[in-house]
Amino acid sequence: MLIDTHAHLDDKRFDGDREQIINQCVEEGMVCIINAGSNLSSSVKSIALAADYPIIYAAVGIHPHDAATADQNTIEVLGALAAKKKVVAIGEIGLDYHYDFSPRELQKQVLADQIGLARELKLPIIIHDRESHRDVVEILKKEKAREVGGVMHCFSGSREMAKECMDMGFYISFAGPVTFDNAKRAREVAGYVPEDRLLIETDCPYLTPAPLRGRRNYPGNVKYIADEIGRIKGLDNDRLMESVLNNTGRLFNIDI
Ligand code: NI
């Protein structure tokens with residue numbers, strides 16, 4: 001049994017074989033995939049995938065890379081999309097100071113607006129945070145994100161930050177980087193996060209785990225992340241996946 005709590009199956013890198021890949025996931029025991037939106041068109045595609053495949057659920061949101069394309073109308077459209085069937089979260093949203101594809105002030109504003117939307121709709125949020133730890137935590141606090149909670153996707157912060165986020169009701173999710181040789185801190189944080197706050201994900205087609213780095217990622221590779229987290233926490237695979245399944249169901253309010 002496998003779960004991938006963060007995928008981008010709408011990405012153009014799956015255009016050639018999307019259906020085949022999803023069917024392969026089902027055959028391999030995948031029971032749930034949360035497909036995260038990155039802008040309006042990808043959010044629409046995410047909803048369509050959820051309508052087509054029972055195992056897929058959708059999140060809708062504007063990624064910080066796309067923050068510069070958002071205006072007040074975008075947030076309204078997003079609100080309408082969020083009302084569609086099988087939309088379980090607002091995401092992925094956040095800040096990215098590594099690439100800075102959108103001006104930081106705009107990234108912050110769009111993040112704050114989307115947290116507001118999530119609170120209005122009572123939906124959890126999926127947070128992207130790259131080299132912007134302090135500002136992300138500050139905005140989550142200021143915008144009262146604890147009212148809805150959510151997940152820190154592909155978490156890269158410290159143990160202290162993980163605690164701050166969990167205190168606000170957030171789950172901590174690990175992706176391919178936890179399998180990389182230089183991921184000492186991520187492994188340490190994974191050891192610290194309690195079993196009932198832990199999620200795993202691929203972020204495919206990105207972040208392919210070791211030993212497959214360099215290839216396109218797909219949801220089935222979540223097993224490598226599960227193996228690594230299980231090893232760190234001393235949990236067998238069935239036990240870990242049962243916890244992840246319970247956590248996913250609780251956070252996104254779905255029956256898996
Ligand atoms: Ni992502």
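## Contacts of Ser42

Contact, or touching, means heavy atoms within 4.5 Å. Leaving aside residues up to four places away in sequence, Ser42 touches Asp10, Ala36 and Gly37. Ser42 lies in helix H2, residues 40-52; helices (H or I, at least four residues) and strands (E, at least two) are DSSP runs, numbered from the N terminus. With a relative accessible area of 5%, Ser42 is buried. Buried means under 20% relative accessible area, exposed over 50%, and partly exposed in between, with a 1.4 Å probe and protein chains only.

This is a predicted model, in which local features need pLDDT of at least 70 and side-chain atom pairs count only at pLDDT 80 or more, while totals for chains, interfaces and linings use all residues. Residues are numbered from 1 along each chain as its sequence is written, and side-chain values use heavy atoms, with hydrogens and water left out.

## The chain as a whole

The protein chain has nine helices and eight strands. Its radius of gyration is 17 Å, close to the 18 Å that the globule rule gives for 256 residues, so the chain is as compact as a globular protein of that length. The radius is taken over C-alpha atoms, and the rule is 2.2 Å times the number of residues to the power 0.38. Along the principal axes, the C-alpha atoms fill a box of roughly 45 × 40 × 35 Å.

Of the 256 residues, 57% are buried. Among contacts with a separation of 6 or more, 73% are between residues 24 or more positions apart. The chain exposes about 11200 Å², and carbon and sulfur atoms supply 48% of that area; accessible areas come from the Shrake-Rupley method with a 1.4 Å probe.

## Helix H5

In helix H5 (residues 133-142), the buried residues are Val136, Val137, Ile139 and Leu140. Seen down the axis of H5, these residues fall within an arc of 165 degrees, so they line one face of the helix. The arc is that of the directions from the helix axis to the C-beta atoms. On the other side of H5, Arg134, Glu138 and Lys142 are exposed.

The buried residues of H5 pack against several elements, including helix H4 (104-121), strand E5 (125-130) and helix H6 (159-167). Just after H5, Lys144 takes a positive phi of about 55 degrees.

## Helix H7 and Ala183

Ala183 is found in the loop between E7 and helix H7 (184-192). Ala183 is buried, with a relative accessible area of 9%. Not counting residues up to four places away in sequence, Ala183 touches Pro177 and Val178.

In H7 itself, Ala186, Val189 and Ala190 are buried. Down the axis of H7, its buried residues fall within an arc of 105 degrees, so they line one face of the helix. They pack against H6, E7 and helix H8 (222-233).

## Backbone exceptions

Most residues other than glycine have a negative phi, and most peptide bonds are trans. Asp100, in the loop between E4 and H4, has a positive phi of about 50 degrees although it is not a glycine. At 34% relative accessibility, Asp100 counts as partly exposed.

The loop between E8 and H8 holds Leu207, whose phi is positive, near 55 degrees. Leu207 is partly exposed, at 29% relative accessibility. Pro205 is placed in the loop between strand E8 (198-200) and H8, and a cis peptide bond joins Cys204 and Pro205, with omega about 10 degrees. Pro211 is also in the loop between E8 and H8; a cis peptide bond joins Ala210 and Pro211, with omega about 10 degrees.
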